[in-house]
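Hi,

Here is the structure I promised to pass on.

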Amino acid sequence: MQQRFARYAWFVLLYNVAVVVWGAFVRASGSGAGCGEHWPLCNGVVIPRAAQIATLIEYSHRITSGLAGIFVILLAIFAFRAFPKGHVVRRASLWSVGFILSEGLIGAGLVLLGHVAHNASIARAYSLSTHLINTLFLLASLTLTAWFATEDRARVWTASKNLRGVLAFAAFGIVLVGVTGAIAALGDTLFIATSFREGWQQDFSPTAHPFLRLRILHPIFAAAFALLLMGIALHSATSRGIAPTAKQFANAVLGLSILQICLGLLNLALLAPVWMQLVHLLVADLLWIGFVLLSTELLTASAVPIAATAPLSPSPQLPGLIAG
């Protein structure tokens, strides 16, 4: 049963990633107001009939989001059937339920407050940022649920204070890059530039909208924290005493960080077309998932399966980079 649960948990995670990317398409295509300021109804009805393209896009997103909520709730029920009382998978699945419910509430708030389509208010930046942060926490909790179910081993969260600090700072950096990226993408959607020069002039115009003035922060933060992630990943992949699984995750984070930098430059060069924004977001979500998995392996001492009685292995560290 636990193996079936693990497969289902990975499916739920990947499904939610797809929903997140589709949600970005709703924003990038300006379809967020396709159902009007109605929620959970669409233009005042359960199923829209003579629908425009924007309505179909928004309505399909609501359907897929609703299914995501059902899948996550079923995941938690399944976890309580497959794992014993007090198991970490149970706790992670409950966190997933909490974040999927808040995800729905935030999404409803965006619609009811009119923070969709061509709304360029500052309040929309706050709601969009809240939505992005909640989404990252949702993906993290789903990732932990799937991973702890797959690697059902006794774990002790014993890592050095410095290691915890570096990983926490890196996690904060990923969230910051995500927030600035969401605002930059919104600026690209609302204020379309026909050339790189025009986009540059928009950013530094004295009368520029705050979304455009903030847009320059995204590549700066992205480059800085990408270098930090690459440093952590490279050190983890080459250091002795690091578990093979952690090294695999480190290599994945390193590769995804390099790919994301390349995609970011390409996104700028192409003036952020919708398809490029979606690819950029997809890789960002995969990078976040990889970082969560790497951090989990670095922060925990993993032993043999819970049913065995072998002692726990020493806590993994990053020699040199994370001392003390």
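First, the ground rules. This is a predicted model, so to speak of a local feature I need pLDDT of at least 70, side-chain atom pairs count only at pLDDT 80 or more, and totals for chains, interfaces and linings use all residues. Residues are numbered from 1 along each chain as its sequence is written, and side-chain values use heavy atoms, with hydrogens and water left out.

**Helix pairs**

Two packed helices are described by the angle between their axes and the distance between the axes. Helices here are DSSP runs (H or I, at least four residues; strands are E, at least two), numbered from the N terminus. Axes are lines fitted to C-alpha atoms, for helices over the stretch in contact, and angles run from 0 to 180 degrees between N-to-C directions.

Start with α2 and α3, which pack at about 160 degrees with their axes 8 Å apart. They are therefore roughly antiparallel (over 145 degrees; under 35 is roughly parallel, 65 to 115 roughly perpendicular and the rest oblique). The crossing of α2 past α3 is left-handed, a term for a near helix turned anticlockwise from the far one by less than a right angle, with clockwise being right-handed. Residues in contact (heavy atoms within 4.5 Å) include R62, V72 and F80 in α2 and R90, L94 and I100 in α3. By class, this contact has 12 nonpolar, three polar and three charged residues. Nonpolar means Ala, Val, Leu, Ile, Met, Phe, Trp, Tyr, Cys and Pro, charged means Asp, Glu, Lys and Arg, and the others, Gly among them, are polar.

Next come α8 (residues 217-238) and α9 (residues 244-269), with an angle of about 150 degrees and axes 8 Å apart. That makes α8 roughly antiparallel to α9. Among the residues in this contact are L229, M230 and L234 of α8, and L254, I258 and I261 of α9.

α4 passes α5 in a right-handed crossing. The contact includes L128, L132 and L136 of α4 and V175, V179 and L186 of α5, and its residues divide into 11 nonpolar, two polar and one charged.

**The α1-α2 loop**

Most residues other than glycine have a negative phi, and most peptide bonds are trans. The bond from W39 to P40 is cis, with omega near 5 degrees. P40 sits in the loop between α1 (2-28) and α2 (53-82). N43 is in the loop between α1 and α2, and has a positive phi, near 55 degrees.

**The second largest pocket**

This pocket holds about 450 Å³ of space. On a 1 Å grid over the protein atoms alone, a pocket is an open set of points with protein on both sides within 12 Å along at least five of seven lines, and lining residues have an atom within 4 Å of a point. Of its 22 lining residues, F137, A140, S141, L144 and V292 are the closest to the centre. By class, the lining has 17 nonpolar, three polar and two charged residues. α3, α4, α5 and α10 each supply at least two of the lining residues, and α10 gives the largest share, six.

Cheers

Technical notes:
1 Å grid on protein atoms, 1.4 Å probe; cavity = no way out; pocket = protein on both sides within 12 Å on 5 of 7 lines; lining within 4 Å. Points joined across faces, edges and corners; volume = space filled by probe spheres on them.
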